[in-house]
Every structure is written in structure tokens, then in C-alpha cells.
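Here is a quick tour for anyone meeting this structure for the first time. Have a look at the picture, then read on.

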Amino acid sequence: MKLMRKLLKRQGVAPAVVVTDKLRSYGAAFAELGLAARHEQGLRKNNRAEVSHQPVRRRERKMQRFKSLGSAQHFLSLHAAVHNTFNLQRHLISRRTLRHFRAEAMEQWRAATVAA
């Protein structure tokens with residue numbers, strides 16, 4: 001109730017459609033508030049909270065710790081290369097092949113860091 005009142009007050013205008021997850025208390029709150037908006041519920045509807053785990057969002061969260069956009073971009077470009085090297089799609093390859101790839105990647109990584 002408190003959340004819904006706060007959100008409605010901030011909007012200033014009653015919404016036509018409200019998208020939430022399937023928590024039942026939202027319906028009860030709408031009834032108590034007398035909100036006549038259409039209430040859409042469901043997994044992955046067009047709800048900002050539901051799409052917050054996309055790859056772009058993950059990159060944005062990583063960028064929050066940096067003082068400048070340039071240093072964040074530099075880190076993320078290196079991070080992406082390392083992530084792509086070590087993070088293989090496990091479900092697509094056998095365990096033996098995965099071990100081989102990881103060992104090879106680690107050898108290359110060690111050689112690159114020692115040379116630099």
C-alpha cells in the first residue's frame with residue numbers, strides 16, 4: 001500500500017496500465033486504493049525491474065565504480081576479452097574439451113602477463 005501510494009503520488013496522473021510481477025498483494029493494494037488501471041502481471045513483461053539483468057545493465061553496474069567514463073571503458077574492454085577467454089558455454093562442449101580450453105587459456109594468460 002505504502003509503495004503504491006508513493007508511486008501514484010509521484011506520477012500525479014492515474015496510469016492506464018500497471019505492470020508488476022505476480023505478487024498477490026499488488027491486486028489487494030489496487031482494490032483498496034480504488035485504482036481502475038488495467039493490471040498486467042507476468043514474467044518478463046515490459047517492466048524495468050524485470051529487464052535489469054541484461055548484459056548492458058551488467059556493464060552499467062560495473063561502470064558505477066569508476067571516476068571517469070574513459071577508465072571504465074578501458075577496464076570493460078579488457079574485462080570482456082578475459083571473460084570471453086575463460087567463460088565458455090559449458091553446455092555446448094564436453095568436460096574434457098572444457099578442461100583443455102581452460103588449461104590452454106591459463107597458459108596463454110600466464111605467458112602474456114610474464115612478458116608484459
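What follows goes from the overall layout to the strands, a charged pair and a charged patch.

Keep in mind that this is a predicted model. The chain holds five helices and two strands, and reading along the sequence you get the pattern α-β-α-β-α-α-α. How much of the chain is buried? Of its 116 residues, 12% are.

Start with helix α1, which covers residues 2-11. This helix is hardly covered: among its 10 residues, the count of buried ones is one. After α1 comes Gly12, and its phi is positive, near 85 degrees.

Now for the strands. Strand β1 takes in residues 17-20, and its side chains alternate. In which sense does β1 pair with β2, the strand of residues 38-41? The two run in the parallel sense, paired over four bridges.

On to charges. In general, side chains of opposite charge can pair when their charged atoms come close. A search of the whole structure finds one salt bridge. Its partners are the side chains of Arg38 and Glu40, at 2.6 Å from N to O. Glu40 is partly exposed, with a relative accessible area of 23%.

There is also a gathering of like charges. Arg90, Arg95, Arg99 and Arg102 form a patch of positive charge on the surface. Arg99 sits in helix α5, which spans residues 95-115, and Arg102 is in helix α5 too. Why can these two count towards a surface patch? A patch takes residues with over 30% relative accessible area and no salt bridge. Arg99 clears that area cut-off because its value is 57%, which makes it exposed. Arg102 clears it as well because its value is 39%, which makes it partly exposed.

Here are the accessible areas mentioned so far, side by side:

| Residue | Relative accessible area | State |
|---|---|---|
| Glu40 | 23% | partly exposed |
| Arg99 | 57% | exposed |
| Arg102 | 39% | partly exposed |

One last stop at Arg102: how far is it from Leu88 in space? The two are 14 residues apart in sequence, and their C-alpha atoms lie 8.7 Å apart.

Key. Residues are numbered from 1 along each chain as its sequence is written. This is a predicted model: local features need pLDDT of at least 70, side-chain atom pairs count only at pLDDT 80 or more; totals for chains, interfaces and linings use all residues. Side-chain values use heavy atoms; hydrogens and water are left out. Patches are made of residues with over 30% relative accessible area and no salt bridge: like charges are joined within 9 Å, nonpolar side chains (Val, Leu, Ile, Met, Phe, Trp, Tyr) within 5 Å. Accessible areas come from the Shrake-Rupley method with a 1.4 Å probe; for residues, only the protein chains shown count as cover. A salt bridge is a side-chain nitrogen of Lys or Arg within 4 Å of a carboxyl oxygen of Asp or Glu. Lys and Arg count as positive and Asp and Glu as negative; His and the chain ends are not counted. The place of a charge is taken as NZ of Lys, CZ of Arg, CG of Asp or CD of Glu. Buried means under 20% relative accessible area, exposed over 50%, partly exposed in between (1.4 Å probe, protein chains only). Two strands pair if DSSP finds at least two bridges between them.
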